[in-house]
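Below is a short report on one protein model. It covers sheets, domains, the core and a few backbone details.

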Amino acid sequence: MATTPVHCTIDLQAPGKQVGRLELPRSNNTSGWSHLFVPIVSIAGESDGPTALVVGGVHGDEPEGQIAALRLARETAPGDVTGRLVVVPCASPEASRAYTRLWPNGVNFNRSFPGDPDGPADRQLAHFFSTVLFPLADVVVDMHSGGRSGLCPPWSEMHWVDDPAQRRAMVDAMVAWGTDHHFVYIDIAGTGLLVGEAERQGKVVVSTELGGGGHVTAATHRISQSGLANVLRHVGVLRGEARARETPGIIGRATDVENYLLAPESGLWETFVDLGERVTAGQPVGQIHFLERPDREPAVVCAQNDGIVFVVRAIATTDQGDNVAVIAREVTVEELY
Ligand SMILES: [Zn+2]
């Protein structure tokens, strides 16, 4: 095991079900001698099989994956598992309590990887993931959603990776979620993502954006939970047959910067298009109003490619450079292989 300042209270090699926590040293205004606790659950099966790491709550305003992970951790018994299931249901607990995307100190935990044992708390925790948890895992599931700022249909997703065998396994795992939409993306907002480091280590990585807009419907909870269980059956970590849809959901590929539409100016965003709508290049998808300048014409934002609306901005208040929509090109499973 690599040298780490993070203490794990359970033995991740031990049999059976264990509930514990990761403890990070910290010192703050309310306690000079303190630890930040991050819950962790390990469930080892009674036979050999792969290991899956399931992570929720990297961002605190994305409750869908946290609830699916909490239910999975609580409701799964060792007899349900082959190999091992390791669950970190709420990776950023202080952000979850605040219901904010970022940690209270402004850190985006999804830009903290691969981490640093001598860095601040987020980088120490990322380093523990990178050097202890990822090496244990064959499969890494990282559940996100649109949070308060983005509205999207609930989908499973994957980062584009160049290795064909890894990519094919990730495509199959993405489709196994059983959502009506799937998404293939690139990073347009910086490096240091959890999935990027897990992919670099050769893991089969499947992620999600499970709706968003600051609220969660019952249908979203259902697909979050059933999809997670189905992926874990698909990769052989949970017992039972994975269910396969007759045809995958709609797969959107947004691996060009032009797919991501950014606000040209600050103002109030008005959306013209609905999620799932097909649009053509040059078509207006929304406009920015200027609350202090009723005499000014709004700034119209147009699609830069033919495609399907996968994301629209969920909140009107918009700063220059904020993402206002994502227009993905529809592709097939075979095209991704
Ligand atoms: Zn997120």
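In what order do the four strands of the open sheet stand? The order is 16-15-13-18, with antiparallel pairing. Strand 16 (299-302) and strand 18 (317-318) stand at the edges with a single partner strand each, so one side of each has no neighbour in the sheet. Two bridges link strand 13 (residues 267-271) to strand 18 in the antiparallel sense. Gly267 has Thr318 of strand 18 as its bridge partner.

Some ground rules apply. This is a predicted model: local features need pLDDT of at least 70, side-chain atom pairs count only at pLDDT 80 or more, and totals for chains, interfaces and linings use all residues. Residues are numbered from 1 along each chain as its sequence is written. Helices (H or I, at least four residues) and strands (E, at least two) are DSSP runs, numbered from the N terminus. Strands pair if DSSP finds at least two bridges between them.

Strand 1 (residues 7-8) runs antiparallel to strand 2 (residues 17-26), joined by two bridges. His7 has Glu23 of strand 2 as its bridge partner. Strand 2 also runs antiparallel to strand 3 (residues 34-44), through ten bridges. There, Leu22 is partnered by Val38 of strand 3.

## Two domains

The domain assignment gives domain 1 (7-248) and domain 2 (256-336). Such bounds come from an automatic or database domain assignment. The C-alpha centres of the two domains lie 29 Å apart.

At the interface, 17 residues of domain 1 are in contact with 13 residues of domain 2. Contact here requires C-beta atoms, placed from the backbone, within 7 Å. On the domain 1 side, strand 7 (150-151), helix 4 (164-176) and strand 9 (181-185) each supply at least two residues. Helix 4 gives the most, with three residues. The domain 1 side divides into nine nonpolar, six polar and two charged residues. In this count, Ala, Val, Leu, Ile, Met, Phe, Trp, Tyr, Cys and Pro are nonpolar; Asp, Glu, Lys and Arg are charged; the others, Gly among them, are polar.

## Strand 11

Strand 11 (residues 250-254) is mostly covered, with four of its five residues buried. A residue is buried if 20 or more other C-beta atoms lie within 10 Å of its own, exposed if 12 or fewer, and partly exposed in between; C-beta atoms are placed from the backbone.

Strand 11 pairs with strand 9 in the parallel sense over five bridges. In that pairing, Tyr185 has Ala254 of strand 11 as its bridge partner. Strand 11 also pairs with strand 19 (residues 323-331), in the antiparallel sense, over three bridges. Here Arg253 stands opposite Arg329 of strand 19.

## The nonpolar core

Which members of the largest nonpolar core touch the most other members? They are Ala52 and Val141, in a core of 91 residues. Each of domain 1 and domain 2 contributes at least three residues to this core. A nonpolar core is a set of buried Ala, Val, Leu, Ile, Met, Phe, Trp, Tyr and Cys residues joined through C-beta atoms within 7 Å.

Setting aside neighbours within four places in sequence, Val141 is in contact with Ala52, Val54, Val55, Val206, Leu228 and Val231.

## Helix 6

Helix 6 (residues 218-234) has 17 residues. From first C-alpha to last, helix 6 reaches 24 Å, close to the expected 24 Å at 1.5 Å a residue. The expected span is 1.5 Å times one less than the number of residues.

Its buried residues include Ile223, Gly227, Leu228, Val231 and Leu232. Among the packing partners of the buried residues of helix 6 are strand 4 (51-56), helix 1 (63-75) and strand 6 (139-144). Just after helix 6, Gly236 takes a positive phi of about 85 degrees.

## Backbone details

The loop between helix 2 (93-98) and helix 3 (121-136) holds Pro114. The peptide bond from Phe113 to Pro114 is cis, with omega near 5 degrees. Tyr99 sits in the loop between helix 2 and helix 3. Its phi is near 55 degrees, a positive value in a residue other than glycine. Tyr99 counts as partly exposed because it has 13 C-beta neighbours inside 10 Å.

Val132 lies in helix 3. Val132 is partly exposed, with 16 C-beta neighbours inside 10 Å. The C-alpha atoms of Val132 and Thr4 are separated by 9.0 Å, although the two residues are 128 residues apart along the chain.

Definitions and conventions
Two residues are in contact if their C-beta atoms, placed from the backbone, lie within 7 Å.
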